[in-house]
Amino acid sequence: MQVKDLTIEELKLLIQETVAETIQSLLIDPDEGKQLKPEVKQQLLDSLQRTQAGESGVLAEEIAKKLGLQWE
């Protein structure tokens, strides 16, 4: 069957199914079920603790500059 043979309702359903499949594939977490390395987990906890204590992090503009990127 070709697209030209579909009714409007069939075409709408096909588009809806395609969009739903695409969204679902984008929402899948490729790291699901994997464990963080202990040192990465500790770095994240330390960062969270500093943030909760009111310490500010590095500005995105500074990171971009170090990487040779332009931040807008």
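How many salt bridges does the structure hold? There are 3 of them, a salt bridge being a side-chain nitrogen of Lys or Arg within 4 Å of a carboxyl oxygen of Asp or Glu. The model is predicted: local features need pLDDT of at least 70 and side-chain atom pairs count only at pLDDT 80 or more, whereas totals for chains, interfaces and linings use all residues. Residues are numbered from 1 along each chain as its sequence is written, and side-chain values use heavy atoms, with hydrogens and water left out.

The overall architecture comes before the contacts. The chain contains 3 helices and 0 strands, where helices (H or I, at least four residues) and strands (E, at least two) are DSSP runs numbered from the N terminus. In sequence order the pattern is α-α-α. The radius of gyration of the chain is 23 Å, well over the 11 Å that the globule rule gives for 72 residues, so the chain is more spread out than a compact globule. This radius is taken over C-alpha atoms, and the globule rule is 2.2 Å times the number of residues to the power 0.38. Along the principal axes, the C-alpha atoms fill a box of roughly 60 × 35 × 20 Å.

The surface figures complete this description. Buried residues make up 1% of the 72 residues; buried means under 20% relative accessible area, exposed over 50%, and partly exposed in between (1.4 Å probe, protein chains only). The accessible surface of the chain comes to about 7,300 Å², and 57% of it belongs to carbon and sulfur atoms. These areas come from the Shrake-Rupley method with a 1.4 Å probe, and for residues only the protein chains shown count as cover.

A nonpolar patch on the surface is formed by Val-3, Leu-11, Leu-14, Ile-15, Val-19, Ile-23 and Leu-27, with about 630 Å² of accessible area together. Patches are made of residues with over 30% relative accessible area and no salt bridge, like charges being joined within 9 Å and nonpolar side chains (Val, Leu, Ile, Met, Phe, Trp, Tyr) within 5 Å. Val-3 is placed in the segment before helix H1 (8-27) and is exposed, at a relative accessible area of 55%.

Glu-9 pairs with Lys-12, their closest N and O atoms being 4.0 Å apart. Both residues lie in H1, 3 residues apart, about one turn of the helix. An α-helix has 3.6 residues a turn, so residues three or four places apart point the same way. Glu-9 is exposed at 55% relative accessibility, while Lys-12 is partly exposed at 45%.

The second salt bridge to consider joins the side chains of Asp-31 and Lys-34 (3.9 Å, N to O). Asp-31 counts as partly exposed at 47% relative accessibility, and Lys-34 as exposed at 60%. Lys-34 lies in the loop between H1 and H2. From Lys-34 to Thr-51 the separation is 17 residues in sequence and 26 Å in space, C-alpha to C-alpha.

Helix H2 (residues 38-52) has 15 residues and reaches 21 Å from its first C-alpha to its last, close to the 21 Å expected at 1.5 Å a residue; the expected span is 1.5 Å times one less than the number of residues. Gly-54 follows H2 and has a positive phi, near 95 degrees. The remaining salt bridge is that of Glu-55 with Arg-50 (3.8 Å, N to O). Glu-55 is partly exposed, with a relative accessible area of 46%, and Arg-50 is partly exposed at 39%.
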